[in-house]
Amino acid sequence: MEWVKIFPDLKTASERLTENRPQLLMAHGKRICLVKRENHFYAVSDACSHHGESLSKGLVNFAGDVVCPWHGYQFNLKNGREFQERSADLVTFRIREEADGLYIGF
Ligand code: FES
């Protein structure tokens, strides 16, 4: 697995990301939906597996699922599964939190 540093330290990552607000990240030529939630970071593919809408334009609901802004499908941030399995699982990416930065794995 190749690890790509996306923030120089955890403090910067925490400051730049708003809790439960998805943010688009471009890394390794891919569009990633990045979420900070309860002091952890999650990364899934940005394209909704239903019809491709950008999930980083959506929101995170009370259950911690990212909600697509187009038709409201809801995806688990840990395993990418849509909660009613109406569409394919999202690709998920591992995040590594280290003292010297936040890394995403490809
Ligand atoms: S495009 Fe995301 S739910 Fe339809």
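Which strands form an open sheet of 4 strands, and in what order? Select β2, β3, β4 and β8 in this predicted model. They form the sheet in the order β2-β3-β4-β8, and the pairing is antiparallel. Now look at the two ends of that order. β2 and β8 are the edge strands, each with a single partner, so one side of each has no neighbour in the sheet.

**The whole chain**

Zoom out before going further. The chain has 1 helix and 10 strands, and along the sequence they follow the pattern β-α-β-β-β-β-β-β-β-β-β. The C-alpha trace spans about 40 × 25 × 20 Å along its principal axes. The radius of gyration is 13 Å, which agrees with the value near 13 Å for a compact globule of 106 residues. Of these 106 residues, 26% count as buried. Among contacts with a separation of 6 or more, 42% join residues 24 or more positions apart.

Select residues 23-27 for β2 and residues 30-37 for β3. The two strands pair in the antiparallel sense over 5 bridges. Two of the partner pairs can be picked out: Leu24 bridges to Cys33, and Leu25 to Ile32. Then move to the turn, where 2 residues separate the strands of the hairpin. His28 lies in this turn and has a positive phi of about 55 degrees.

**The three-stranded sheet**

Next, select β5, β6 and β7. These 3 strands form an open sheet in the order β5-β6-β7, with antiparallel pairing. The edges are β5 (59-60) and β7 (74-76), each of which pairs on one side only. β6 covers residues 65-67 and pairs with β7 over 3 bridges.

**The nonpolar core**

In soluble globular proteins, nonpolar side chains tend to be buried together. Here the largest nonpolar core has 23 residues. Show Ile32, Cys33, Leu34, Val35, Ala43, Val44 and Val66, the residues with the most contacts inside this core. At least two core residues come from each of β1 (3-7), β3, β4 (40-45) and β10 (101-105).

Centre the view on Val44. Which residues is Val44 in contact with, leaving aside neighbours within four places in sequence? They are Cys33, Leu55, Val66, Phe75, Leu77, Gly80, Leu90, Val91, Thr92 and Phe93.

**Leu77**

From Val44, step to its contact Leu77. This residue is found in the loop between β7 and β8 (92-93). Is Leu77 buried or exposed? Leu77 counts as buried because it has 24 C-beta neighbours inside 10 Å, where 20 or more are needed.

Display the surroundings of Leu77 as well. Not counting residues up to four places away in sequence, Leu77 touches Val35, Arg37, Tyr42, Val44, Gly64, Asp65 and Val66. Finally, draw a C-alpha to C-alpha distance from Leu77 to Leu90: these residues are 13 apart in sequence and 8.8 Å apart in space. Leu90 is also among the contacts of Val44.

Notes: Residues numbered from 1 in each chain as written. Predicted model: local features only at pLDDT ≥ 70, side-chain atom pairs only at ≥ 80, totals over all residues. Pairing = 2+ DSSP bridges. Core = buried A, V, L, I, M, F, W, Y, C linked by C-beta atoms within 7 Å. Buried ≥ 20, exposed ≤ 12 C-beta atoms within 10 Å, placed from the backbone. Contact = placed C-beta atoms within 7 Å. Rg over C-alpha atoms; globule rule 2.2 N^0.38 Å.
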